[in-house]
Amino acid sequence: MATVTEKKKASAPKKLQHPKEQYMFWFENMLLQRRFEEKSGQLYGQQKIRGFCHLYIGQEACSSGAASALTKGDKYITAYRDHGIPLALGTDPKAIMAELYGKKTGTTKGKGGSMHIFDKENGFVGGHGIVGAQIPLGAGIAFAEKYNKTGKLCICYFGDGAIRQGAFHEALNMAMNWKLPVIFVVENNGYAMGTSVARSSNVTELYTLGEAYDIPSEPVDGMSVEAIHEAVSRAAERARKGDGPTFLEFRTYRYRGHSMSDPQKYRSKEEVEEYKHRDPIEQIRAVILENKLATEEELEAIDQKVKGIVAESVQFAEESDFPDASEAYTDVYVENDYPFVMD
């Protein structure tokens, strides 16, 4: 039978590793992403948002944990599941929603849509639609930071499907050879577009691929924003010292399909529900409540605040205009008088 002391230990709240403000930031930041994505899914079903739409629901810790670990001026680049990172960085939700609507008030003037959010001000160098293309781009951004001696770095996200691209291996080899300040992150949600990691390669411990290039590599609990913050902090310190890249495998999970058109027949509902028991937002909620950092009422007030922000972003997108047809010829080339643009 457990002693009184043992029972107290079992029920003791988790020891805080960070200040209260950090936990409150994570909670509100991840919740904003969750509510924004839930609304985006609804709007897609109403055909307000068209084209492709890849939701980040379940993976919010991957963006919020990195955002809290890095500093202003660092660069972020990812694939086309790209709404969460700019929201984590502070990009105006109105501009992101307007972009999903294809409106001229969007982050890329309505020209990129869901897959191509961009925010230079906050260091978000875009979502990219070609699988794996952002990996050498991320290494290139890091090269520029090193060349210009900025002291900044690039964190480059990609999915477990993209890790099979040859560009991944080429970029890692060059990045380590030149000691580039880049953090490579594979968001391993287990299924790529719909094929499990186990069916695509004998190598299922994805972080070990970085070891072939002598890059410090490690797996990270992608459902824990604290674990991600700590891993990215270590990698950033290494990059800023000039020691080169780090490769992190965020073991995460998306609750929705690869895209909105995905019937998800490759996994069971029971599996999805099992992962929801490890939900990153609920984990932080529990830490906040157990340590009396906030009350249930205060957390509910934050949820209502976030829902209000999302509602405002939808209203803004609804009321914004579509771009004029003439905009098809702008923002394509740097030169305003590029000779091959015809009227």
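**Figure 1. Contacts of Phe158 in the predicted model.** Phe158 touches Gln134, Ile135, Ile163, Phe168, Phe184, Val185, Val186, Glu187 and Phe247, leaving out residues up to four places away in sequence. The model shown here and in the other views is predicted. Phe158 sits in strand 3, which covers residues 154-159. The relative accessibility of Phe158 is 1%, so this residue counts as buried, the cut-off being under 20%. One of the residues that Phe158 touches is Phe168. Phe158 and Phe168 are ten residues apart in sequence. Their C-alpha atoms are 9.5 Å apart in space.

**Figure 2. Ser64 and the residues around it.** Ser64 belongs to helix 3, which spans residues 60-69. Its relative accessible area is 0%, and Ser64 is therefore buried. With neighbours within four places in sequence set aside, Ser64 is in contact with Phe25, Trp26, Asn29, Met30, Gln33, Ala88 and Val225. Helix 2 runs over residues 20-45, and the contacts of Ser64 include Phe25, Trp26, Asn29, Met30 and Gln33. Helix 9 covers residues 225-240, and Val225 is another contact of Ser64. Val225 is itself buried in helix 9.

Figure 3. Helix 2 has 26 residues, numbered 20-45. From first C-alpha to last, helix 2 reaches 38 Å. That is close to the 38 Å expected at 1.5 Å a residue. Gln47 follows helix 2. Gln47 lies in the loop between helix 2 and helix 3. Its phi is positive, near 65 degrees, and Gln47 is not a glycine. Most residues other than glycine have a negative phi. Gln47 has 53% relative accessibility, so it counts as exposed, for which the cut-off is over 50%.

**Figure 4. Helix 9 and its buried residues.** Which residues of helix 9 are buried? They are Val225, Glu226, Ile228, His229, Ala231, Val232, Ala235, Ala236, Arg238 and Ala239. Among these buried residues are Glu226, His229 and Arg238. Gly242 follows helix 9. The phi of Gly242 is positive, near 90 degrees.

**Figure 5. Lys292 in the loop between helix 11 and helix 12.** Helix 11 covers residues 280-290, and helix 12 covers 296-319. Lys292 lies in the loop between them. Its phi is positive, about 55 degrees, although Lys292 is not a glycine. Is Lys292 buried or exposed? With a relative accessible area of 72%, Lys292 is exposed.

**Figure 6. Lys307 in helix 12.** Lys307 is found in helix 12. Lys307 is partly exposed, with a relative accessible area of 39%. Lys307 and Val203 are 104 residues apart along the chain. The C-alpha atoms of Lys307 and Val203 are separated by 41 Å.

Figure 7. Ile130 lies in the loop between strand 2 (124-127) and helix 6 (134-147). Ile130 counts as exposed, at 63% relative accessibility. Ile130 and Ser200 are 70 residues apart along the chain, and their C-alpha atoms are separated by 19 Å.

**Figure 8. The whole protein, as context for the close-ups.** The protein has twelve helices and six strands. Its radius of gyration is 21 Å, close to the 20 Å that the globule rule gives for 343 residues, so the protein is as compact as a globular protein of that length. The C-alpha atoms fill a box of roughly 85 × 50 × 40 Å along the principal axes. Buried residues make up 48% of the 343 residues. Among contacts with a separation of 6 or more, 75% join residues 24 or more positions apart. The protein exposes about 16,900 Å², with carbon and sulfur atoms supplying 53% of that area. There are 42 positive and 49 negative charges, and their mean positions are 3 Å apart.

Notes
Residues numbered from 1 in each chain as written. Predicted model: local features only at pLDDT ≥ 70, side-chain atom pairs only at ≥ 80, totals over all residues. Heavy atoms only, no water. Helix = DSSP H or I, 4+ residues; strand = E, 2+ residues; numbered from the N terminus. Expected span 1.5 Å × (residues − 1). Rg over C-alpha atoms; globule rule 2.2 N^0.38 Å. Buried < 20%, exposed > 50% of the residue type's maximum accessible area, 1.4 Å probe, protein only. Contact = heavy atoms within 4.5 Å. Areas by Shrake-Rupley, 256 points an atom, 1.4 Å probe, with all protein chains shown as cover. Lys, Arg positive; Asp, Glu negative; His and termini not counted. Charge placed at Lys NZ, Arg CZ, Asp CG, Glu CD.
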